[in-house]
Amino acid sequence: MRNRLIPIAALLALVAVTAYGPATARLAGAVETAPSLSSIGPLTFGPDGMLYAADPQAASIFALDLGAQANGGAAGTANVAGLDQKLAAMLGTAAGEIQITDLAVHPKTHNSFVSVMRGQGAAAKPALFRVDGAGKIDLVAVESLKGTSVTLPNPPSGAANGRNNRSQSITKLAFSNGRVWVAGLSNEEFASKLWSVGYPFSKADAGTSVEIYHGNHQQLETRSPVYAFVPYSIDNQPYIIGAYLCTPLVKFPVSSLTPGAKFRGTTIAELGAGNRPIDMILYQKNGKEFLLMSNTSRGVMKIPTAGFASATPITAPVTSETGGVPYEKVASMTGIQQLDKLDATHTVVIAQVAGGLNLSALDLP
Amino acid sequence: MSRRFLAAWFVVAAVVAIVACGRNATVPPAVALSVVLRAGSGAQPAYVEVTGLSQSELSSLRARHDASDWLSLLKVTVGETATDGLPPVQGRYAVTESALAFTPLFPFDPGRAYLVAFDPAHLPHPRQSGPISSVVRLTALASSPTTTVTAIYPSGDVLAENTLRLYLEFSAPMGNAGALDFVRLLDERGQDVPVPFLPLQADFWNAEHTRYTLFFDPGRVKQGILPNQQLGRPMIAGHQYTIEVSADWHDAHGQPLAAPYRRRFRVGPAETRPLSMTNWRIAPPPAGTREPLIVTFPAALDHGLLSRALALEGAGGASVDGDVVLEAGDTRWAFRPRSPWSPGEYRVIAQAILEDPAGNRIGRAFEVDMTRSAADAPHEAFRRSFRIVSAGF
């Protein structure tokens, strides 16, 4: 693992967010500042407003101090219809040429930050946007931010010149108790790994990687990637609630995750086949706590967390469509591609509608 | 002429010139204003220029600092016509010695139309003429479908019933789209096998976007969990299947594949045993030569992992440099050293991540019976020794 300081771009102080600015030097020979991130994927905020952004292409996590760019003109997040077309237009292209890779809400301003890849294939470039409470969209000048980064451990390439086609896709980030947690998938090893590294990133902390096995239902133990997860607390002990592909919900106490060792999580629900979880948030309503989980093919699920501590581990084959901790399907939320918690009573989502993607603030169900 | 070279050329789609009327004695002399698209060069991407501004107008623009003023003066939007609610292209404004320039933060797309609107009424000393607009576009890339599927791994005639993943290799870089909309698994009757693959549009491309990893749905491959019980495995031993790749899958230039791709194969029994290095046949070449060392496996290993998870070390643990070729449907690993072999002991090193196509690793099957297996300590790597001897011994 390595750490590096992101160079502070020598930009005019006035060029804060929009990158509009009166560059008065001759244009000829001017060079665009290269973005420090080679790609941008999942985002998460720390409680102090530090933005953690995954750069899957570089298998790195960046901690970005947004500084003045944390704040839009208005607090909150207003609805934006045709978000994909608008972001694409600002990037000088069409909606089909961009991929929205994540959505995260700033914990203080409640502005929404949207990560985007512009272009096709290996030539695609990263961009980061902020949407404020008036629906104003600003492009964040990432290269002008101050921050640090850490690189995830890459499995060794053994052969001296063996062709290495491995790539790392990072599926989810979360910040909890001073550590950044990372779930990822490789295009070669089908393994279940969670990394975590303390923040501030330092050379002394190389981060830890834990392999979590899924004890399934015929006394067979297999590997399967944890796709989405959320830090959680049971009896004041830190836990991770993770959702695997196809779609067991599993809990594991952080204290048991010993670096370099394998660990078997406890399955507390089976949420259905042919599906992957997208996002999870925790929220309170009417004095009860819920996990809201969006999925690719099984809609949005509202899961009471009251039973998580005492849930009976699923150790026998589930013959019904789902099993374990009960949930309620939120029929009003459809086509959800990204989801985060906006405030105590709202969620913000990016949803597929006819003709494009809309950013909307919705009441928490 | 390469595509990239072509892309560097530009056209001026329209040049609109106006002449200021010059009725106001305080404004600069009447000069024709033009909007032009300038070619990119080196690290400088193509940019838009407004020419015809007087030296005094350029001087006053240099003193301008408010971003919103620039936008009211010169605005670039995507498309041939102004669309309500569509924000302008983000970019940088610069005043050169002879013009006002706008460089987009991300290079203009070849072939895409951009509407450039310039309003002289928002000059520091407004001109009386009305706004001008011009549609500009870079030359579209001259491209035709040429990209093809070059291989699918495992490449053997028979795939294990519990095969975990396929690698699809292409002759040129592909676009962003994943495989799910473009790859079908067909049974012997030509019928689609329902939902055979992992329902995940993740980025399983290699860095160059020339190889895509397509995972079978592990919920169906693994035993004893719900998808497996409900639907069974996607492929059944004893039957034939066809993988079909649609030509509608677009490459990095937005072109479809030159042709659809089909491959037929048989499916054999599930492979559930852990790998064992003792089953590998090692054929050491004679010392003093650069003949390849051949390691033969009883069955194919995973193509991607085999390319990088095996290595050689010599006396004292020094790594041996050489070139690797995978042969015979990934059942053979051929290693040709950069320097001639020396007599003595060598070791084949297998990283613990090495797997067969069904996910079985050395000493650990993909699925482990928890009632029989003791907890195993994670391994970094496994080694097996062999000796190189001089010819004639």
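What does the secondary structure of chain A come to? In this predicted model, chain A holds 1 helix and 27 strands. Buried residues account for 54% of the 365 residues in chain A. Among the contacts of chain A with a separation of 6 or more, 55% are between residues 24 or more positions apart.

For chain B, the assignment gives 6 helices and 23 strands. Chain B has 393 residues, of which 39% are buried. Residues 24 or more positions apart supply 67% of the chain B contacts that have a separation of 6 or more.

One residue of chain B, B:Ser133, was examined in its local setting. B:Ser133 belongs to strand 8 of chain B, a strand that spans residues 132–136. Is B:Ser133 buried or partly exposed? There are 16 C-beta neighbours inside 10 Å of B:Ser133, so the residue counts as partly exposed; the buried class would require 20 or more such atoms, and the exposed class 12 or fewer.

The contacts of B:Ser133, once neighbours within four places in sequence are left aside, are with B:Leu115, B:Val116 and B:Ala117. A further pair was considered by C-alpha separation. B:Thr81 is 52 residues away from B:Ser133 along the chain, and the C-alpha atoms of these two residues are 9.7 Å apart. B:Ser133 is thus described by its place in strand 8, by its contacts with B:Leu115, B:Val116 and B:Ala117, and by its partly exposed state.

Key. Residues are numbered from 1 along each chain as its sequence is written. Chains are lettered from A and ligands numbered from 1 in the order in which they are written. This is a predicted model: local features need pLDDT of at least 70, side-chain atom pairs count only at pLDDT 80 or more; totals for chains, interfaces and linings use all residues. Helices (H or I, at least four residues) and strands (E, at least two) are DSSP runs, numbered from the N terminus. Two residues are in contact if their C-beta atoms, placed from the backbone, lie within 7 Å.
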